[in-house]
Amino acid sequence: IVYFGSTGMGTDALLNGISSASHSGSKDVTINVLEKYGHQDVLFAREAATTVYQVILDWIVLHER
């Protein structure tokens with residue numbers, strides 16, 4: 001599981017997401033916390049190419065079997 005959460009969504013939302021990912025049953029959970037991102041920022045922020053898309057690509061390559 002690769003999880004993205006944001007400090008911009010509030011502490012409760014961030015901690016609930018981290019808890020949910022951690023309790024998913026997977027032994028391989030990668031947690032990424034993005035500072036002050038909102039829903040659309042994950043897709044469209046200027047830094048999304050490196051902070052989101054590159055992280056996802058790296059995760060996929062690392063987990064190829």
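**Fold, core and selected side chains**

Modeller: Read along the sequence, this predicted model follows the pattern β-α-β-α-α.

Biologist: How many helices and strands is that?

Modeller: The protein has 3 helices and 2 strands.

Biologist: What size of box do the C-alpha atoms fill?

Modeller: Taken along the principal axes, the C-alpha atoms fill a box of roughly 35 × 25 × 15 Å. The protein exposes about 4800 Å², and 57% of that area is supplied by carbon and sulfur atoms.

Biologist: What share of the residues counts as buried?

Modeller: Of the 65 residues, 20% count as buried.

Biologist: Which residues make up the largest nonpolar core?

Modeller: That core consists of 5 residues: L34, Y37, A45, A48 and V52.

Biologist: Taking A48 from that group, what is it in contact with, leaving aside neighbours within four places in sequence?

Modeller: A48 is in contact with Y37, D41, V42, L43 and Y53.

Biologist: Changing topic to S6: buried or exposed?

Modeller: S6 counts as buried because its relative accessibility is 6%, under the 20% cut-off. This serine is placed in strand β1, residues 2-6.

Biologist: Which backbone oxygens does the S6 side chain reach?

Modeller: One is the backbone oxygen of L34, at 3.2 Å. Another is the backbone oxygen of Y37, which lies 2.4 Å from a polar atom of the S6 side chain. Both L34 and Y37 belong to the largest nonpolar core.

Biologist: Now D28. Where is its place?

Modeller: D28 is in the loop between α1 (11-22) and β2 (30-34). At 32% relative accessibility, D28 counts as partly exposed.

Biologist: What does D28 touch, apart from residues up to four places away in sequence?

Modeller: D28 touches I1 and H63. The side chains of D28 and H63 are joined by a polar contact of 2.5 Å.

Biologist: How far apart in space are D28 and L57?

Modeller: D28 and L57 are 16 Å apart, C-alpha to C-alpha, and 29 residues apart in sequence.

Note on methods
Residues numbered from 1 in each chain as written. Predicted model: local features only at pLDDT ≥ 70, side-chain atom pairs only at ≥ 80, totals over all residues. Heavy atoms only, no water. Core = buried A, V, L, I, M, F, W, Y, C linked by side-chain atoms within 4.5 Å. Buried < 20%, exposed > 50% of the residue type's maximum accessible area, 1.4 Å probe, protein only. Contact = heavy atoms within 4.5 Å. Helix = DSSP H or I, 4+ residues; strand = E, 2+ residues; numbered from the N terminus. Areas by Shrake-Rupley, 256 points an atom, 1.4 Å probe, with all protein chains shown as cover. Polar contact = N/O pair within 3.5 Å; in protein donor to acceptor, adjacent residues only side chain to side chain.
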